[in-house]
Amino acid sequence: MRTNVRQLLCLVWLVTVPKLAMAQDTAQVVRRLTMAGAGYASQLDTYISPEDYGGADVTLLTQSEYVKEGRRWSRMATHQANFWWGSYRSGNGSEISGDYTFSYTWLRQWVSAPLGNGRLSVKAGPAAWARAGFLYNTRNSNNPAQAKLALGCAPAGVAEWTFKAGRRPCMLRCELTVPLLGLMFTPQYGQSYYEIFSRGNYDHNLVVTTPVNSPSASMRLLFGMKWKRLYWTAGLQGDCLQAKVNHLKYHRYNALFLFGVSKQLRLL
C-alpha cells in the first residue's frame, strides 16, 4: 500500500514539476499605467481658419506593457484621449477639438546595465498608431468643422532607470516616438465635405505623410515612486504634430502635466 502511494506521489511530481517550470519560463509581467493630465495647446488648421488658436488641453492616458521573463522583446499598448478648447487672441472666436489615439509598440531591449544604485534599460522598436478626431470652429459658418483621421508607423524608444531613493523604489522613464510613414485624410483647400461624400476621393483626399510633409514627434517624461504596491507617477508630455498637405497647413503643439498610478502584475 505504501509502495502504491509513493508511486502515485512520484507520478504527480513528474507531471506537475515540468509544467510549473514551463509556466515560470513563460511568466509574463504586465505593468499598467493610468494617468490624467492638463496643460496648454496651440492649434492651427487653415481649412477652418488662418488664425492660430490657443487654450486648455486635457488628456486621459492608459498604457499596458507586456514583458516575458527572459525575453528581449516586449509589447506596449497605449490609449490616449484629448479634449481641447481654445480662443483667438482677440477673444471673439473659439475652437474645440477632441481626438483618440491608439498605438501598439514592439520593443527590443538593447541595453540593460547597472547605473548608480539601480539599473538602466534602453529599448527601441517599431510602432503602429491610429488617430481619429474632430475640430470645430464656433463662429465659422462656411466650413465650421474638420474631421481628423490618420494612421501610420514610427520608430519608438524607451529609456528607463529603476533605482532607490532611501528605501523607496523609484523609476525615471523617457518615451520618444517619431512618425515615419502614414496616411492622412484631408480635404483640398476650398473643397467642401459634400463634394468628398458625393464624389469620393477624386481630389486626393487620402495623402501619404512622411517627415517631409508632416514632421512630428511626441515625448513623455515620467517619474514614479512606489508606495503601498503602487507607483505614484508624475510627468510631462510634449507633442509636436504638423502637416502641410493639399495646400493646407495644420499644427498642434502642446505641453501637458501628467499624474497617475502604475501597477505591476505577474501572470503565469
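This is a predicted model: local features need pLDDT of at least 70, side-chain atom pairs count only at pLDDT 80 or more; totals for chains, interfaces and linings use all residues.
How many bridges pair β6 with strand β7, and in which sense?

**View 1. Pairing of strands β6 and β7.** Strand β7, which spans residues 168–177, pairs with β6 over ten bridges, and the sense is antiparallel. Within this pairing, Arg173 of β7 is the residue opposite Glu160. The hairpin formed by β6 and β7 has two residues between its strands. In this hairpin, Gly166 adopts a positive phi near 70°.

**View 2. Pairing of strands β5 and β6.** Strand β5 covers residues 118–137 and strand β6 covers residues 145–165. These two strands are joined in the antiparallel sense over 18 bridges. Among the residues involved, Phe134 has Ala147 in β6 as its bridge partner.

**View 3. Pairing of strands β6 and β8.** Strand β8, comprising residues 181–185, runs antiparallel to β6 and is joined to it by five bridges. Leu183 in β8 is placed opposite Leu151.

View 4. Ser97 belongs to strand β4, which extends over residues 94–115. Ser97 counts as buried because its relative accessible area is 2%, under the limit of 20%. A polar contact of 3.3 Å links the side chains of Ser97 and Gln43. Beyond its neighbours within four places in sequence, Ser97 is in contact with Gln43, Asn82, Phe83, Trp84, Phe134, Leu135 and Arg252.

How values were computed: Residues are numbered from 1 along each chain as its sequence is written. Side-chain values use heavy atoms; hydrogens and water are left out. Helices (H or I, at least four residues) and strands (E, at least two) are DSSP runs, numbered from the N terminus. Buried means under 20% relative accessible area, exposed over 50%, partly exposed in between (1.4 Å probe, protein chains only). A polar contact is a pair of N or O atoms within 3.5 Å; within protein, one must be able to donate a hydrogen and the other to accept it, and residues adjacent in sequence count only if both atoms are side-chain atoms. Contact means heavy atoms within 4.5 Å. Two strands pair if DSSP finds at least two bridges between them.
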